Amino acid sequence: MSSLAAVPAVVLLAACSDSDEEAKAANVKPAAPATPATPATPAAVKVPEAQGTVDMAELLKPGALPDKQLGKDDAKVTIVEYASMTCPHCAHFNETTFPELKTKYIDTGKARYILREFPFDPSAEAGFMLARCAKDNYFPMVDVLFKQQANWVGVNNTKDALLQISKLAGFTQESFEACLTDQKLLDDVRAVQKRGADEFKVDSTPTFFINGKTYKGAMSIEEMSAILDPLL
C-alpha cells in the first residue's frame, strides 16, 4: 500500500461519527454500541428520526462503480449504506445488526441492500479496492475486513496485514499488488465517495438511505425493524 500511502487521505466534515476516523484508525478498539446495550422489547424501541430525504431515483442511478447488492430488485424496501472500512461504528453494525437484518429482511425478499464505498483514508480505500478485486466475493471480503479490523487498521505494517488476510481470501502476492496499484479502481472508489458527499450530503459513516429517508449512525436491529416494518 506504499502507493496509496503517498496519496492524500480523503478529507470530509466527519469520519465515522465524530470526525476522527483517522485517529481511531491509529488505535482501533471494539466499537461501542450507538445506544446502551440493554435488552429491548419492540414496544420500547423508539423509531429513529430521519435526518433528511433524497430522491431515490437519483440515488439509484449508476455511478463510477456498479452497485454491490444483496436481495431482490423488486423488494419493497431499498437500503443504501455508505460505509468506510476503517470506521469502528461500521464494523460494529456489520457484526451486531447486519446478520439479523440479512436473515429477517434481505434473504426473505422484503428488502434489498446496497453497500457503497465512502473511505476516509488510504487504508479504507485499500480495503474497498481489495473487496472489489474479490469480485463475486465482495461481501464476504468486506465482512472479513470488518471482523479483522483491529488486525489491519492502525498497525505498524498495514500492507502486510492486508496481504495475510487477502491470501486467505484467495489472493496471491501478484494479484494483491495488482489490485492495490490499479489507479482506475482507486479513482472509481474515490468517485463513489465524492458523489455520496456532493449529491447526497453524506458526511459520516455509516449513513443509511431507506426508501428515500436519511439515517446516520449504526442502528440496532430493533431500530432498523422499527423503520422497516411499517414500509412492508
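The stops below concern an arginine and several cysteines.

This is a predicted model, in which local features need pLDDT of at least 70, side-chain atom pairs count only at pLDDT 80 or more, and totals for chains, interfaces and linings use all residues. Residues are numbered from 1 along each chain as its sequence is written, and side-chain values use heavy atoms, with hydrogens and water left out.

Select R132 first. R132 sits in helix α6 (residues 122–133); helices are DSSP runs of H or I, at least four residues, numbered from the N terminus. R132 has 11% relative accessibility and therefore counts as buried (under 20% relative accessible area; exposed is over 50% and partly exposed in between, with a 1.4 Å probe and protein chains only). Next, display P66: its backbone oxygen lies 2.8 Å from the side chain of R132. Leaving aside residues up to four places away in sequence, R132 touches L65, P66, K68, E117, Y138 and L185 (contact means heavy atoms within 4.5 Å).

Now select C133 and C179. Their sulfur atoms are 2.2 Å apart and form a disulfide (a pair of cysteine sulfur atoms within 2.5 Å), and the structure holds one disulfide. The link is right-handed, with 95 degrees about the S-S bond. C133 lies in helix α6 and C179 in helix α10 (residues 173–180), so the pair ties together parts that are 46 residues apart in sequence. C133 is partly exposed at 25% relative accessible area, whereas C179 is buried at 3%.

Finally, select C90, which is in no disulfide; the nearest cysteine sulfur, that of C87, is 3.2 Å away. C90 is buried, with a relative accessible area of 1%.

Conventions. Helices (H or I, at least four residues) and strands (E, at least two) are DSSP runs, numbered from the N terminus. A polar contact is a pair of N or O atoms within 3.5 Å; within protein, one must be able to donate a hydrogen and the other to accept it, and residues adjacent in sequence count only if both atoms are side-chain atoms.
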